Amino acid sequence: MLFVIPMIIYGQETRSETVQISGTVTDSANWPIKGAYIYVDSAITTVRTDKKGDYSIRKAMGFKNISVFVSKVGMMTKSFTGDPEINFVIPHNLPKLTKKDLVAMGYKTDSQTAERYWEYSTIYDLIRAEFSGVTVSGSQIKVRGSAVLNGGSATPLFLVDGNYVESIAFVNPIEIKSIELLKGEEAAIYGSRGGHGVIIITLIK
């Protein structure tokens with residue numbers, strides 16, 4: 001029992017906690033709004049409202065706001081307080097905004113973000129789930145099959161937006177545009193530094 005309890009606790013601590021958010025977007029006359037863009041914090045998602053004005057999105061815990069952008073109408077934002085249902089009623093006098101306006105305000109409008117990345121709480125949860133042949137223990141990553149010389153570390157090489165970094169703990173999954181794992185011959189271009197694998201991350205600009 002003494003061995004089982006710590007394992008259970010560890011599993012609870014490392015499991016990605018997510019929440020399912022759903023709701024309806026209507027106008028002031030209670031007509032559904034189709035095709036409204038759903039934003040989480042300042043980043044766009046691939047989710048759009050359907051013909052009934054409904055949306056559903058699964059996200060990692062920790063985000064602050066859900067926003068709805070209606071083309072040629074504008075944007076409305078609500079804070080996430082833990083309620084799994086967030087409905088929007090878009091007023092007729094909402095200040096009109098274009099996508100160009102959103103970019104100027106700091107919102108990301110690139111919908112090429114891999115939607116599945118958003119369900120992970122940390123970069124380590126993401127790597128553990130998305131890549132086979134990789135062992136993740138806390139913040140330690142090891143590409144299985146990598147040779148470890150003289151008892152040294154088997155930590156892979158990290159590149160974020162083309163820059164070498166010592167740690168990727170600062171990377172938020174919702175900011176990732178793409179992530180790639182290179183190993184073996186694929187990583188040979190990086191010489192001995194890539195001998196334990198290479199993790200390449202590109203963030204949303």
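In what sense do β5 and strand β6 pair, and over how many bridges? Select residues 74–79 for β6, and you'll see that β5 and β6 run antiparallel over six bridges. (Strands are DSSP E runs of at least two residues and helices are H or I runs of at least four, numbered from the N terminus; two strands pair if DSSP finds at least two bridges between them.)

Before moving on, some housekeeping. This is a predicted model, where local features need pLDDT of at least 70 and side-chain atom pairs count only at pLDDT 80 or more, while totals for chains, interfaces and linings use all residues. Residues are numbered from 1 along each chain as its sequence is written, and side-chain values use heavy atoms, leaving out hydrogens and water.

**Stop 1: around β5.** Three residues sit between the two strands, and Lys72 has a positive phi near 65°. Now select β5, residues 65–70: five of its six residues are buried (under 20% relative accessible area with a 1.4 Å probe, protein chains only; exposed is over 50%, partly exposed in between).

**Stop 2: Thr49.** Look in the loop between β3 (43–48) and β4. Thr49 is buried, at 5% relative accessible area. Its side chain reaches the backbone nitrogen of Ala36 at 2.8 Å. Show what surrounds Thr49: beyond four places in sequence, its contacts (heavy atoms within 4.5 Å) include Val25, Ile33, Asp54 and Tyr55.

**Stop 3: a three-stranded sheet.** Select β4, β1 and β7, which form an open sheet in the order β4-β1-β7 with mixed pairing. The edges are β4 (54–60) and β7 (88–90). Strand β1 (residues 18–27) runs parallel to β7, with three bridges joining them; Thr26 faces Val89 there.

**Stop 4: the largest nonpolar core.** Such a core is a set of buried Ala, Val, Leu, Ile, Met, Phe, Trp, Tyr and Cys residues joined through side-chain atoms within 4.5 Å. This one has 21 residues, and Ile123, Ile127 and Ile141 are among those touching the most other members. Colour α3 (123–130) and β9 (140–143), two of the elements that give two or more residues; α3 provides the largest share, four residues. Then centre on Ile141, which touches Tyr124, Phe158 and Ile199, among others. Apart from this core lies another of 19 residues, including Ile33, Ala36, Val40 and Ile57.

Definitions and conventions: A polar contact is a pair of N or O atoms within 3.5 Å; within protein, one must be able to donate a hydrogen and the other to accept it, and residues adjacent in sequence count only if both atoms are side-chain atoms.
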